[in-house]
Amino acid sequence: LMLKRPEFLHAAGLGARSGLFLHGPSGTGKTLLVKALANESGVNFINVNGPEIFTKWLGESEEAIREIFRLARQVAPAIVFFDQLDSIAPIRGAHEGSMTTERVVSQLIAQLDDLEPGVQILIIGATNRPELIDPSIIRTGRFGQKIYVPMPDDAARRDILSACLTLPGLGPHPQAAQIYADIADRISNFSGASIKDLCDRAKLAACERKNFAELAHVITEDFDRAFTQ
């Protein structure tokens, strides 16, 4: 609504919430969710990888933050995604050896607070270490709307496996449900990223089984090999 129908929110007397904060275990698909949101919304997408903000030159890290928001205003409606937010906005006072981190956090706060009411810019942060983020960053009005992204449950693992077993050259796996039933107990603690990695290794094992001469859907034995690699 904020990106595509801001006039509706205004008519309803609802202020636009400019900041979302995704947190949860590593590999659960936080970054993938944000990319899917940008694709479904059809708006411009600015992806900021946390560690890339910092440079050795005085003042350039803060300028990088200002430039990101300047660009977002120019291309709005837009989503600005700060991946690994804990590396950009750690708790102030925890890094006594350098003031750069403190200045970056202060600059980020200033830019968030300076967003004009009704501006079609959605700011999203993501981390698997929320306890390391400065509390002032994730308060209401900044990254105030918190969304927990959990580890996948049984149904989600089944869907992830089915998607990962689909081959562009052959289409969906005809026995995906049976494959999942065969290995369900072995991946009960897997994240989405871990399932994808396992499927990639199983698909490589299937290619080796065919001597790389033809495409083939994976079988349970290919997963047996993948688990040992």
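Me: Is His 217 buried or exposed?

Reply: This is a predicted model, in which local features need pLDDT of at least 70, side-chain atom pairs count only at pLDDT 80 or more, and totals for chains, interfaces and linings use all residues. Residues are numbered from 1 along each chain as its sequence is written, and side-chain values use heavy atoms, with hydrogens and water left out. Buried means under 20% relative accessible area, exposed over 50%, and partly exposed in between (1.4 Å probe, protein chains only). The relative accessibility of His 217 is 19%, so His 217 counts as buried.

Me: Where is His 217, and which residues does His 217 touch?

Reply: His 217 sits in the loop between H8 and H9; helices (H or I, at least four residues) and strands (E, at least two) are DSSP runs, numbered from the N terminus. Contact means heavy atoms within 4.5 Å. Not counting residues up to four places away in sequence, His 217 touches Leu 165, Leu 167, Leu 170, Gly 171, Pro 172, His 173, Pro 174, Ala 206, Arg 209 and Asp 222.

Me: How many helices and strands does the protein chain have, and what pattern do they follow?

Reply: The protein chain holds nine helices and five strands. Along the sequence they give the pattern α-β-α-β-α-β-α-α-β-β-α-α-α-α.

Me: Where in the protein chain is confidence lowest, and where highest?

Reply: pLDDT is the predictor's confidence in each residue, from 0 to 100. The protein chain averages 88, and 95% of the residues score at least 70. Confidence is lowest in helix H1 (residues 6-11), at a mean of 78, and highest in helix H6 (residues 154-165), at 96.

Me: Which residues is Arg 157 in contact with?

Reply: Arg 157 belongs to helix H6. Its relative accessible area is 9%, so Arg 157 is buried. Leaving aside neighbours within four places in sequence, Arg 157 is in contact with Pro 152, Tyr 180, Ile 187, Ser 188, Phe 190 and Ile 195.

Me: What does H3 reach from its first C-alpha to its last?

Reply: Helix H3 covers residues 60-75, which is 16 residues. The expected span of a helix is 1.5 Å times one less than its number of residues. For H3 that is 22 Å, and the helix comes close to it, reaching 22 Å.

Me: Why do the buried residues of H3 line one face, and what do they pack against?

Reply: The buried residues of H3 are Ser 61, Glu 62, Ile 65, Ile 68, Phe 69 and Ala 72. Seen down the axis of H3, they fall within an arc of 120°, so they line one face of the helix. The arc is that of the directions from the helix axis to the C-beta atoms. The buried residues pack against strand E2 (44-49), strand E3 (78-83), helix H4 (85-88), helix H5 (100-113) and strand E4 (121-127).

Me: How many aromatic pairs are there, and which kind is formed by Phe 82 and Phe 143?

Reply: Rings of Phe, Tyr and Trp (its six-membered ring) pair if their centres lie within 6.5 Å; planes under 30 degrees apart count as stacked, over 60 as edge-to-face and the rest as tilted. The count comes to four aromatic pairs. Phe 82 and Phe 143 are 6.4 Å apart, centre to centre, with 85° between the planes, and their pair is edge-to-face.

Me: Which parts of the chain does this pair link, and which residues form the cluster?

Reply: Phe 82 is in strand E3 and Phe 143 in the loop between E4 and strand E5 (145-148), 61 residues apart. Both Phe 82 and Phe 143 are buried. The cluster linked by ring pairs consists of Phe 69, Phe 82 and Phe 143.

Me: How many residues apart in sequence are the parts that the pair of Phe 190 and Phe 227 ties together?

Reply: Phe 190 and Phe 227 form an edge-to-face pair, 6.4 Å centre to centre and 65° between the planes. Phe 190 lies in the loop between helix H7 (176-183) and helix H8 (192-209), and Phe 227 in helix H9 (residues 220-228), so the parts tied together are 37 residues apart.

Me: How many disulfides are found, and why is there no bond at Cys 164?

Reply: A disulfide is a pair of cysteine sulfur atoms within 2.5 Å. A search of the whole structure gives zero. The sulfur of Cys 164 has its closest cysteine sulfur in Cys 199, too far for a bond at 4.7 Å.
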